[in-house]
Amino acid sequence: MGIFLNPSNSKFQEALNSEIHVDKSGMLAYINSVIRTEQKYLCISRPRRFGKSMAANMMISYYAAGNDSRELFAGLEISGDASFEEHLNKYNVIFLNMQNFLSK
C-alpha cells in the first residue's frame, strides 16, 4: 500500500538525477513565509503534465521529518533562502496518492 506518514525523499532524488530538471524550489520559500499565518491554506494547481507530482515530492522531501534532505537541496534556489534551515525536515507529512485510491 505504501508509506503515508513521512515518506522517503527517493522520488525527489530521482527527479534530481534526471537529465532534465527545472528548479522549482523557490516556491518553498513562499510556502515557508505563510506558515503560521492566515494564508497558510494553499492550493498548488498546475495544468496537466506541468509538475504537480514533482512539486509534491519536493515538498515531501523538504518538510518530512525523518528525512535528511540537506544534500538534496544544496545548490537549489531554496538553499539560499533565510528560511531554509528553519523548516527543513521539521514536520510530519501525510502523503495520500489520490490516483491509487480512485483506481481501486
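## Terms and model

Buried means under 20% relative accessible area, exposed means over 50%, and partly exposed lies in between (1.4 Å probe, protein chains only). The structure is a predicted model, in which local features need pLDDT of at least 70 and side-chain atom pairs count only at pLDDT 80 or more, while totals for chains, interfaces and linings use all residues. Residues are numbered from 1 along each chain as its sequence is written, and side-chain values use heavy atoms, with hydrogens and water left out.

## Overall fold

The protein has six helices and zero strands; helices (H or I, at least four residues) and strands (E, at least two) are DSSP runs, numbered from the N terminus. In order from the N terminus, the elements read α-α-α-α-α-α.

Along the principal axes, the C-alpha atoms fill a box of roughly 45 × 35 × 30 Å. Of the 104 residues, 32% are buried. Among contacts (heavy atoms within 4.5 Å) with a separation of 6 or more, 75% are between residues 24 or more positions apart.

## Nonpolar core

In soluble globular proteins, nonpolar side chains tend to be buried together. A nonpolar core is here a set of buried Ala, Val, Leu, Ile, Met, Phe, Trp, Tyr and Cys residues joined through side-chain atoms within 4.5 Å. The largest such core has 20 residues, of which Phe-12, Leu-28, Met-58, Tyr-62, Phe-73 and Ile-78 touch the most other members. Two or more residues each come from H1, helix H2 (26-34), helix H3 (52-63) and helix H4 (70-73). H3 gives the largest share, six residues.

Phe-12 is in contact with His-21, Met-54, Asn-57, Met-58, Ser-61, Leu-72, Phe-73 and Leu-76, leaving aside its neighbours within four places in sequence. Two of these partners, Met-58 and Phe-73, are also named with Phe-12 among the core residues that touch the most other members.

## Helix H2 and His-87

The buried residues in H2 are Met-27, Leu-28, Ala-29, Ile-31, Asn-32 and Val-34. They pack against H3, H4 and H5.

His-87 is in helix H5 and counts as buried, at 2% relative accessibility. Not counting residues up to four places away in sequence, His-87 touches Asn-32, Ile-35, Arg-36, Tyr-62 and Tyr-63. Of these, Asn-32 is one of the buried residues of H2, and Tyr-62 is among the core residues that touch the most other members.

## The loop between H2 and H3

Arg-36 follows H2 and is found in the loop between H2 and H3. Its phi is positive, about 65 degrees, although Arg-36 is not a glycine. Arg-36 is exposed, with a relative accessible area of 63%, and it is also touched by the buried His-87.

Arg-49 has its place in the loop between H2 and H3. Arg-49 is not a glycine but has a positive phi of about 65 degrees, and it counts as exposed at 78% relative accessibility. Thr-37 is found in this loop too and is partly exposed, with a relative accessible area of 27%. The C-alpha atoms of Thr-37 and Asn-9 are separated by 27 Å, the two residues being 28 apart along the chain.

## Salt bridge

The structure holds one salt bridge, defined as a side-chain nitrogen of Lys or Arg within 4 Å of a carboxyl oxygen of Asp or Glu. Glu-85 and Arg-70 form it, with the closest N and O atoms 2.7 Å apart. The pair links distant parts of the chain, with Glu-85 in helix H5 (residues 84-87) and Arg-70 in helix H4, 15 residues apart. Glu-85 is partly exposed, at a relative accessible area of 42%, and Arg-70 is partly exposed as well, at 40%.

## Surface

The protein exposes about 7300 Å², of which carbon and sulfur atoms supply 54%. Accessible areas come from the Shrake-Rupley method with a 1.4 Å probe; for residues, only the protein chains shown count as cover.

Phe-4, Leu-5, Ile-94, Leu-96, Met-98, Phe-101 and Leu-102 form a nonpolar surface patch with about 730 Å² of accessible area together. Patches are made of residues with over 30% relative accessible area and no salt bridge, with like charges joined within 9 Å and nonpolar side chains (Val, Leu, Ile, Met, Phe, Trp, Tyr) within 5 Å.
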